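Subject: Structure handover

Hello,

Here is the structure I said I would pass on. My notes on it follow below.

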Number of protein chains: 2
Amino acid sequence: MKAPPEDGRRRVVIESLSPQLDGGRFAVKRTVGDKLVVEADAFADGHDEIRVVVRWWEPGAARKAWHEAEMALLGNDRWRAEIALEHLGRYRYTVVGWVDGLRSWWRDLAKRTAAGTDTDIDQAIGAQLLEAAAGRADSAGKRDDRDRLSDRDRLDESLLELAERYPDREHESVYDHVLEVIVDRRRARFSAWYELFPRSTSPDPSRHGTFGDVVDRLDYVARLGFDVLYLPPIHPIGRQFRKGPNNVVGAGVDDPGVPWAIGGAEGGHSAIHPQLGRPADFRRLVREAGKRGIEIALDIAFQASPDHPWVTEHPSWFLARPDGTIQYAENPPKKYQDIYPFDFESDDWPGLWRALNEVIRHWIGEGVRIFRVDNPHTKPFGFWDWLIGDVQADYPDVLFLAEAFTRPKVMYRLAKLGFSQSYTYFTWRNTKRELTDYFTELTQTQLREFFRPNAWPNTPDILHEVLQTGGRAAFEARLVLAATLSANYGIYGPAFELLEHTPREPDSEEYLDSEKYQQRTWDLERRDSLGELIALVNRARHEHPALQTNERLWFHAVDNEQLIAYTKNTADRSDIILAIVNLDYHRPQAGALELGLDGLGLPADAPYELVDLLDGTSRLWQGPRNRVELDPARRAAHLYHVRRLRSEREFEEYA
Amino acid sequence: MKAPPEDGRRRVVIESLSPQLDGGRFAVKRTVGDKLVVEADAFADGHDEIRVVVRWWEPGAARKAWHEAEMALLGNDRWRAEIALEHLGRYRYTVVGWVDGLRSWWRDLAKRTAAGTDTDIDQAIGAQLLEAAAGRADSAGKRDDRDRLSDRDRLDESLLELAERYPDREHESVYDHVLEVIVDRRRARFSAWYELFPRSTSPDPSRHGTFGDVVDRLDYVARLGFDVLYLPPIHPIGRQFRKGPNNVVGAGVDDPGVPWAIGGAEGGHSAIHPQLGRPADFRRLVREAGKRGIEIALDIAFQASPDHPWVTEHPSWFLARPDGTIQYAENPPKKYQDIYPFDFESDDWPGLWRALNEVIRHWIGEGVRIFRVDNPHTKPFGFWDWLIGDVQADYPDVLFLAEAFTRPKVMYRLAKLGFSQSYTYFTWRNTKRELTDYFTELTQTQLREFFRPNAWPNTPDILHEVLQTGGRAAFEARLVLAATLSANYGIYGPAFELLEHTPREPDSEEYLDSEKYQQRTWDLERRDSLGELIALVNRARHEHPALQTNERLWFHAVDNEQLIAYTKNTADRSDIILAIVNLDYHRPQAGALELGLDGLGLPADAPYELVDLLDGTSRLWQGPRNRVELDPARRAAHLYHVRRLRSEREFEEYA
């Protein structure tokens with residue numbers, strides 16, 4: 001017979017603690033100002049009452065510096081409490097429970113009294129329990145409470161409550177994991193990204209754009225309503241095997257090359273491309289952007305051109321082939337001789353990891369707090385786990401966006417490891433069924449705890465067929481979908497607002513004359529620019545908290561497969577947004593929309609108002625079923641603010 | 001910057017390993033002969049091929065004495081393998097994966113060759129990889145394999161397969177938990193229980209029944225088809241506060257008392273009631289039962305009468321009240337002065353735990369291998385965790401049935417802690433909706449991994465209203481439901497087969513003149529006994545493997561709420577049982593049954609045969625929709641063996 005466990009008197013069981021990922025291996029994510037709703041199953045053997053508390057540690061708190069809050073019983077042995085998340089960083093939390101002898105005794109005493117049975121002995125037992133509580137009050141230095149608890153004459157609920165401040169927790173049970181929640185700043189949850197190539201911002205086509213030109217572009221970006229300006233790599237570009245326009249092998253002397261072929265004689269990942277400016281110019285850009293409420297996001301592409309200084313300084317960080325040359329990037333039979341991947345299996349992998357960490361820290365030092373990480377899925381998962389955790393331990397305001405367009409489990413793993421936001425399949429989800437299924441998966445399953453989607457209708461790598469063939473209506477529709485299905489979204493501009501839609505060749509998703517390979521000049525003042533619509537959409541996002549989260553996304557039925565309709569609303573339903581988008585970019589479509597009024601807190605028997613945030617018109621609806629119609633020649637989407645009318649008068653004014 | 005982890009080159013990620021309970025805290029359950037299907041998500045960064053194996057340890061195996069088997073990719077980064085469970089006890093298992101450089105190289109070489117690109121360097125890289133494999137073969141003492149791997153002239157798939165027997169696993173990843181599966185004997189999954197009071201087995205009403213009388217009853221129990229004979233406590237019964245017939249306070253001199261008031265001058269939990277016999281008589285009963293394929297299950301009720309020897313020998317195991325008396329059992333305002341609960345919070349709790357463990361071991365020594373545990377939910381969960389684990393470590397063939405009729409999470413926790421079988425809410429689930437919902441929960445959710453239901457239509461404590469008022473049809477229906485919905489079931493007899501249905505008072509679930517309080521004599525030869533039907537049902541269970549598991553329970557639609565229909569089938573669908581039960585015990589009911597032919601492997605366009613195992617009649621059906629009808633005055637249920645006709649001839653013979 002083996003020995004009994006250490007303390008067989010820990011009678012409370014705690015299980016199914018939520019939120020929780022993979023048995024506590026990963027942290028869930030929230031943003032500052034959120035309340036973390038913690039729930040657990042807790043119960044004891046027999047019929048005794050129990051008490052359950054959630055215990056938590058603020059970021060960086062010492063092991064014993066915890067807070068506790070009482071949990072409330074929801075029924076079916078499920079308990080709940082909320083933790084207010086007020087600081088950036090990693091909170092830890094767990095649950096503790098114990099048998100409440102005093103409360104059990106009090107409950108049974110009431111039953112006995114009601115039944116008229118003799119309670120002399122029960123009174124004596126209660127006195128013992130209260131005396132013990134008085135002793136604990138005394139040990140805690142609370143003399144007044146001790147004295148009150150020792151006064152047996154007035155035994156009532158208030159005395160019991162006092163006694164419960166000094167519970168007997170000798171045999172309390174602590175849940176067997178301590179869980180974590182990463183608390184990010186609000187922009188992790190709600191952000192609008194604008195990507196541009198700095199070299200294409202020069203008003204003079206013959207001159208390479210500079211950080212100064214980007215500063216001049218800031219007002220435009222702010223007018224459009226974006227709050228993150230994301231720049232592709234700003235570093236020196238390699239010369240060996242440099243690609244020419246449209247990805248041709250062998251660049252001309254004046255071809256600027258691909259920004260992702262990082263590193264040249266002028267430096268590597270911490271250097272700035274000389275034609276863009278100097279470090280001071282970059283810092284000025286960060287400052288000027290900040291004045292306009294815009295943050296600069298940098299591209300982190302952990303790879304090197306053959307001219308990167310590390311190729312000679314740290315040859316061990318690259319894979320040597322049997323002939324002594326360095327292994328370039330490949331996707332057989334395709335070869336990318338202008339790119340050397342780092343060898344993460346090198347014997348000096350710790351040195352490589354540290355150097356890459358230093359790159360991030362360098363740019364943090366230059367004022368950057370958002371990094372868009374290129375192809376994170378081609379570097380070891382353990383590397384990101386360590387890098388993000390280490391950087392955020394020092395800088396909890398730093399955010400990472402994962403540019404992983406790969407298999408779902410790989411993308412989700414990266415998010416679990418700490419990426420603050422993630423690119424999605426949105427770009428390739430176009431039908432009503434595809435969009436509904438995908439955003440239901442993203443917002444209704446466990447993914448909501450750790451995967452924050454960032455939806456892009458286009459990127460420099462992806463000009464989807466619907467944009468190639470769908471005309472203006474497709475751009476409008478995809479913009480509204482991205483910006484309202486997902487609280488984080490972005491566009492690659494000015495290609496997007498200027499309706500750039502010609503592929504490099506048929507069946508390609510590459511842009512013709514892509515900025516990846518050449519400098520472009522854009523006419524931002526073109527009359528057909530989508531700028532005005534973009535500004536309206538971003539304004540709606542800023543004015544309507546319903547659009548600032550992916551919680552409570554709800555698809556409503558329309559009896560036409562080309563029309564998709566969904567709402568988002570705040571928890572208190574004071575703000576409700578209804579989006580209706582025509583996915584047929586060539587023909588008008590109409591149908592009956594069945595709105596779930598009850599779930600939205602809208603009346604079934606009174607009119608409610610819809611104000612279209614894209615054109616300012618308004619209308620009244622009554623009842624769940626209403627006809628909707630969209631003609632792509634005029635507009636691709638409605639974006640309604642829905643509200644119940646507050647009075648008869650308001651209704652009459654309407655009429 | 002904190003240091004990188006120990007080995008940043010473990011590139012394979014392993015997650016979502018199944019089966020798994022609560023992050024590995026609890027074992028799942030299987031029975032000998034089962035295959036454990038293990039699945040996991042596994043993937044690496046980048047595009048390299050990986051290999052994944054399941055690693056397992058047989059019961060009691062040393063830490064390094066593991067087995068491994070290759071897992072196969074199912075798609076979407078999900079891998080699967082099966083482990084054959086051949087031994088009793090606890091198997092452990094986990095998953096290991098590594099990047100397969102050789103296979104990755106081979107794949108890329110094929111692509112390059114197909115594209116006609118130069119492969120000189122690739123050949124050289126491959127030679128290095130093969131040479132390394134040859135080195136590992138050499139280290140393993142496999143000279144022949146080493147030589148074959150060093151022969152670069154014949155590079156083909158078979159050489160690659162040879163090389164893969166010597167993989168480079170230096171940086172393999174091991175899943176971060178080792179999981180467990182309890183492998184029980186088959187009776188844990190498939191058993192038919194018969195409960196009787198030994199004292200009521202005497203043919204002479206004036207004489208107390210003996211173990212000898214029980215031996216005489218064994219042929220009857222075997223004829224009915226049961227394989228577990230469960231006896232309420234067989235120990236001396238206390239005298240103080242002994243209850244009389246129908247639970248009256250104050251027993252007469254000759255009243256035998258309640259068997260659960262355990263302990264008297266003659267001894268406690270290891271003693272035998274003198275009127276039942278001596279230890280040798282008990283051992284004979286166990287032996288005689290065994291000859292008939294019947295196991296004796298003992299009742300374990302961890303509580304004492306005031307006359308139990310421990311009350312004086314170990315007063316610290318009981319709770320003393322302020323007046324010096326011992327706390328008896330209570331459910332305020334009800335008092336059970338004939339029962340003393342043990343005080344599991346006593347300072348000598350380890351002594352109490354050990355003594356209770358010794359009780360189990362005593363009866364194991366007497367030949368008992370099945371224990372039905374009374375009210376386990378009123379003893380600490382940690383106690384059962386320790387007790388069951390400790391006993392099964394020495395006796396992996398011992399089974400425990402939890403008699404916990406309490407809140408669902410408490411019942412499920414007990415099952416997770418190790419109880420082999422569990423009583424259920426079946427007794428109170430009577431409508432089609434209730435039965436469908438409950439058995440769907442039990443068989444389709446995670447519960448299937450650890451909670452083995454044991455369904456009882458009646459117990460000495462529960463005479464449900466449907467049996468009080470439903471007449472013979474209710475008994476028939478509840479029998480068929482229990483025996484076919486659940487692979488483990490039981491009845492309390494002879495009360496059940498003799499249709500005992502009078503409650504002690506209106507609205508009570510207690511039996512009038514319950515055997516709990518008095519000796520009864522039963523006329524087993526009564527013409528209205530259900531014995532014949534019970535024997536047919538148990539025979540069907542033994543002859544049809546579909547009924548020997550709760551896997552693949554499937555409810556089919558009937559357009560009549562009083563008719564419930566469901567199938568069970570073997571994995572290969574060679575055995576299919578269809579049960580149809582009329583839940584209206586007073587009126588005939590008919591309806592159209594919609595059978596899911598496709599899922600059962602039955603033809604939609606040819607007839608199939610149904611043989612009723614309860615009356616031997618047969619019929620042909622064709623297509624999914626067929627009319628069913630049951631008249632409770634004649635019979636309450638069909639129990640069909642369903643099979644496809646094997647040939648035209650068989651069909652013609654039928655016609």
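Contact, as used here, means heavy atoms within 4.5 Å. With that cut-off, helix α11 (residues 432–444) of chain B lies across β25 and β26 of chain B, and runs at about 155 degrees to β25(B). Please bear in mind throughout that this is a predicted model.

The sheet around β25(B)

Strand β25 (residues 553–558) and strand β26 (residues 563–569) of chain B are paired in the antiparallel sense over four bridges. Within that pair, His556(B) stands opposite Ala565(B) in β26(B). Helix α13(B) packs on the sheet as well, touching β25, β26, β27 (576–582) and β32 (637–644) of chain B, and its direction makes about 30 degrees with that of β26(B).

The sheet is an open one of eight strands, in the order β30-β29-β32-β27-β26-β25-β28-β31 (chain B), with antiparallel pairing. Its edge strands are β30 (618–622) and β31 (625–630) of chain B, each of which pairs on one side only. From one strand to the next, the twist averages 35 degrees.

The cores

The largest nonpolar core has 166 residues, and those touching the most other members are Tyr93(B), Leu229(B), Phe282(B), Phe302(B), Phe371(B) and Tyr489(B). Helix α13 (residues 471–485) of chain B gives the most to this core, with 10 residues. A second, separate core of 165 residues includes Val54(A), Trp56(A), Ala188(A) and Val581(A).

What does Leu229(B) touch, leaving aside its neighbours within four places in sequence? Its contacts are Tyr194(B), Leu196(B), Val214(B), Leu218(B), Val221(B), Ile294(B), Glu295(B), Ile296(B) and Ala297(B).

Strand β20 of chain B

Phe371(B), already named as one of the residues in the largest core with the most contacts to other members, sits in strand β20 (residues 370–374) of chain B, where five of the five residues are buried. Ile370(B), Arg372(B) and Asp374(B) point one way from the strand, while Phe371(B) and Val373(B) point the other way. In a regular strand, side chains alternate between the two faces of the sheet.

Strand β20(B) has parallel partners. Four bridges join it to strand β15 (residues 295–300) of chain B, running parallel, and here Ile300(B) stands opposite Val373(B). Five bridges join β20(B) to strand β21 (residues 399–403) of chain B, also parallel. In that pair, Arg372(B) has Leu401(B) as its bridge partner.

Chain A

Chain A has 16 helices and 30 strands. Its C-alpha atoms fill a box of roughly 100 × 75 × 45 Å along the principal axes. Of its 655 residues, 58% count as buried. Among contacts in chain A between residues at least 6 apart in sequence, 74% join residues at least 24 apart.

The domain assignment divides chain A into domain 1 (1–100 + 170–184), domain 2 (101–166), domain 3 (188–301 + 349–544) and domain 4 (554–654). The C-alpha centres of domain 2 and domain 3 of chain A lie 65 Å apart.

Thr94(A) is in strand β8 (residues 89–99) of chain A. Is Thr94(A) buried or exposed? Thr94(A) counts as buried because its relative accessibility is 1%, and the cut-off for buried is under 20%. Leaving aside neighbours within four places in sequence, its contacts include Leu17(A), Val53(A), Val54(A), Trp57(A) and Tyr175(A). Val54(A) is also listed in the second core.

Where the chains meet

The contact between the chains takes 66 residues from chain A and 66 residues from chain B. The area buried between them is about 6000 Å², of which carbon and sulfur atoms give 58%. Met1(A), Arg9(A) and Lys409(A) supply 13% of the area that chain A buries against chain B, more than any other three residues.

β1(A) and strand β3 (residues 35–44) of chain A pair over five bridges, with Glu15(A) bridged to Asp41(A).

Regards

Key:
Residues numbered from 1 in each chain as written. Chains lettered and ligands numbered in written order. Predicted model: local features only at pLDDT ≥ 70, side-chain atom pairs only at ≥ 80, totals over all residues. Heavy atoms only, no water. Pairing = 2+ DSSP bridges. Helix = DSSP H or I, 4+ residues; strand = E, 2+ residues; numbered from the N terminus. Core = buried A, V, L, I, M, F, W, Y, C linked by side-chain atoms within 4.5 Å. Buried < 20%, exposed > 50% of the residue type's maximum accessible area, 1.4 Å probe, protein only. Domains from an automatic or database assignment. Buried area = accessible area lost by both parts, 1.4 Å probe. Axes fitted to C-alpha atoms, helices over the stretch in contact; angles between N-to-C directions.
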